[in-house]
Amino acid sequence: SHRLLKYDGFETILEMCSDYLISNKYSYATAGHYRRAIEHFLYWMMLDKRRQASSINELIVNEFIYVHIPICHCPKPAPTRLQDIRGALHIMLKLYEAKHPDISSPQALSE
């Protein structure tokens, strides 16, 4: 995993997601794909100093999916399969918003 994740609260997000995947019996393969997708997202977040762990929301996730992914040149193994990324980031967002209800957007994911 990226050494970069060791600061700014990104590491805790990754751990929170990993715990969720394990306790919800995701297959080893799926959990691995999802974890790498989340690492990719967090890596991208850190490339821009203005983006902090506290600014994770649906807008920034969509920016990653629709703006970054089509032109992604991040180092491997940064996944770019939208199927994995969407599923992984949906879980990450759900967990993050549950932990930080004060910052949830009014149109938070309602699935």
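A residue is called buried when its relative accessible area is under 20%, exposed when that area is over 50%, and partly exposed in between. Cys72, with a relative accessibility of 16%, therefore counts as buried.

**Overall architecture**

The secondary structure of the chain consists of 4 helices and 0 strands. Read from the N terminus, the order of elements is α-α-α-α. Of the 111 residues in the chain, 45% are buried. The chain exposes about 6700 Å², and carbon and sulfur atoms supply 56% of that surface.

Contacts also link parts of the chain that are separated in sequence. Among contacts with a separation of 6 or more, 65% are between residues 24 or more positions apart.

Helix 3 covers residues 58–68. Its buried residues are Glu58, Ile60, Val61, Phe64, Ile65 and His68. The buried residues of helix 3 pack against helix 2 (28–47) and helix 4 (82–99).

**Aromatic residues**

A search of the whole structure finds 5 aromatic pairs. One of them joins Tyr20 and Tyr26: the ring centres are 6.3 Å apart and the planes meet at 45°, so this pair is classed as tilted. Tyr20 is buried at 19% relative accessibility, whereas Tyr26 is partly exposed at 32%.

Another pair is formed by Phe41 and Phe64, whose ring centres are 5.3 Å apart. Their planes stand at 85°, and the pair is therefore edge-to-face. Because Phe41 belongs to helix 2 and Phe64 to helix 3, the pair ties together parts of the chain that are 23 residues apart in sequence. Both Phe41 and Phe64 are buried.

Tyr20 and Tyr26 also belong, together with Tyr34, to one aromatic cluster. Tyr34 lies in helix 2 and is buried, with a relative accessible area of 14%. Leaving aside residues up to four places away in sequence, Tyr34 touches Leu21, Tyr26, Asp84, Gly87, Ala88 and Ile91. Tyr34 and Gln83 are 49 residues apart along the chain, and their C-alpha atoms are separated by 9.7 Å.

**Salt bridges**

Side chains of opposite charge can pair when their charged atoms come close. How many salt bridges does the structure hold? There are 2 salt bridges, and the table sets out the residues that form them.

| Asp84, 10% relative accessible area | Arg81, 42% relative accessibility | 3.2 Å |

In the salt bridge between Asp84 and Arg81, Asp84 is buried and Arg81 is partly exposed. Asp84 is also one of the residues that Tyr34 touches.

**Cysteine residues**

How many disulfides does a search of the whole structure find? The search finds 0 disulfides. For Cys72, the closest cysteine sulfur is that of Cys74, at 3.9 Å. A disulfide requires two cysteine sulfur atoms within 2.5 Å, and the sulfur of Cys74 is therefore too far from that of Cys72 for a bond. As stated at the outset, Cys72 is buried. Cys17 is likewise buried, at 1% relative accessibility.

**Summary**

The predicted model has 4 helices and 0 strands. The buried residues of helix 3 pack against helix 2 and helix 4, and the pair of Phe41 and Phe64 ties helix 2 to helix 3. The structure also holds 2 salt bridges and an aromatic cluster of Tyr20, Tyr26 and Tyr34, with 0 disulfides.

How values were computed:
Residues numbered from 1 in each chain as written. Predicted model: local features only at pLDDT ≥ 70, side-chain atom pairs only at ≥ 80, totals over all residues. Heavy atoms only, no water. Buried < 20%, exposed > 50% of the residue type's maximum accessible area, 1.4 Å probe, protein only. Helix = DSSP H or I, 4+ residues; strand = E, 2+ residues; numbered from the N terminus. Contact = heavy atoms within 4.5 Å. Areas by Shrake-Rupley, 256 points an atom, 1.4 Å probe, with all protein chains shown as cover. Salt bridge = Lys/Arg side-chain N within 4 Å of Asp/Glu carboxyl O. Phe/Tyr/Trp six-rings, centres within 6.5 Å; stacked < 30°, edge-to-face > 60°.
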